[in-house]
Amino acid sequence: MGGCSTHGPLIGGYALGALEPEEMEEMGRHVAVCSQCGPEAQRMEGLPWLLDRIAPSDVPPPTLSPKVEDAVLDRFARERREEGAGGASTRRAGRSTRRPALLGGAGGRLARRPLAVAAACVVALAVALAVILPLGGDEGGSPAYASVSLDARAGGAGSATAWLGQVPAGTRIRLEARGLPTGSEYEVWCIRTDGRWVSGGTFWADRNGSTEAELTAAVRAGSYHRMVVTRRPDGAGEGERGPAVLDGELRY
Amino acid sequence: MAPSDATLVERLPRDDSGDELRELYRRYAGQLFGFACNALGDRELAEEVVQDVFARAWRHASDYDPSRASVRTWLYSIARNRVVDARRRAAVRPGVAASADQETPAELDRTLEQAVLRWQVAAALARLSPEHREVIRLAHYGGLTLREIAERKGIPLGTVKSRTSYALRSLRLILDEMEVA
């Protein structure tokens, strides 16, 4: 036990105010003069406040499902495969990516070796097909990929590209938009083949009119063929749809 | 010797095996998840935030500047932005923490700081031994004196006193490691 030999064991109870009244008074006088208990009491004095930040039911804190780690590593591996095939340069057009080791380095080597360029094209084509077509196999949830370019409606402004992947909750939409009028709330919709509009959620554009959003819509690959972005009118109620500003057909 | 956090991030752009990412994930995913859970009140959204944080981390690893912030601070700042986005998206859904629209940026920052702090204190308590946690629970949350704890648990008062002091010293050390003042 650290602290002084006479009062050291009382320091915890003193910090929590859990000693008997006469012990609290005695400790109060002691810590004022003791070179060991004084600093220790100071170190502990903030603990009750910190303990008040939580309820006992918060302990232990929530734990993360191992599935999330699998999902993170799967996503990482997929992106690395796409980058390895040169897919990133088209998939993230207009975005400032800095990957000298993966993109610049590979590009330099390929430019010097025509045969390697041809081989890389074959690999790129194979990977692109694997990305565009629904994936089978043993990956959790058998993710199906598609992409869609969204263009401005007549008289409107902006454009967007969305990449779509299957997740257990529906379809994960990664949307990158540019040139949208700022100050509005936008909503992404998947239009099902039966005509029903399914919302993927809302987003705002930044002051440059750009956004990078990840949304989820309760639709399955193949059950919808079109995506639309609408501008939510000010004060719109839930479920109320504003005018379409961007739309595009899916390429499965 | 295990690589530092900054080294892991520095290696991420060349990490084809996923080993560096996996290590970074194991060091930080739990606390980021706790933070997101506290801030959002929704496990599913919090899991999405964790995924997004690590996706952004590997995509933007080359932008990380160790002279400006620790890896922990960098990851939390990414998480904070993702939580704000998630709250905006979820604003119309019932059962999710209050809309970001209703809070000023300063209020939002306070809310998120509190969420981090809640997770850190809960995580620190979880690292104590069950005996140490028990005396803190009974004394602080139960409002019992050490004498009452000794009577209720049937253990000597001296043991309860020293156990409480050890418990608080351990808690203080763990919180110091977490950089909680």
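Colleague: How do you know what share of contacts in chain B joins residues at least 24 apart?

Modeller: Contact means heavy atoms within 4.5 Å. Among chain B pairs at least 6 apart in sequence, 59% of contacts join residues at least 24 apart. It's a predicted model, where local features need pLDDT of at least 70, side-chain atom pairs count only at pLDDT 80 or more, and totals for chains, interfaces and linings use all residues. Residues are numbered from 1 along each chain as written, chains are lettered from A in the order written, and side-chain values use heavy atoms, without hydrogens and water.

Colleague: What is the pLDDT of chain B?

Modeller: pLDDT is the predictor's confidence in each residue, from 0 to 100. Chain B averages 85, and 88% of the residues score at least 70. The model's ipTM is 0.70 and its pTM 0.49.

Colleague: What makes up the secondary structure of chain B?

Modeller: Eight helices and zero strands, counted as DSSP runs (H or I, at least four residues, for helices; E, at least two, for strands).

Colleague: Why is the crossing of α2(B) and α4(B) called right-handed?

Modeller: Right-handed means the near helix is turned clockwise from the far one by less than a right angle, and that's the label for α2(B) and α4(B). Their angle is about 35 degrees, with axes 10 Å apart; axes are lines fitted to C-alpha atoms over the stretch in contact, and angles run from 0 to 180 degrees between N-to-C directions.

Colleague: Which residues meet there?

Modeller: Among them, L24(B), Y28(B) and F35(B) in α2(B), and L75(B), Y76(B) and V83(B) in α4(B).
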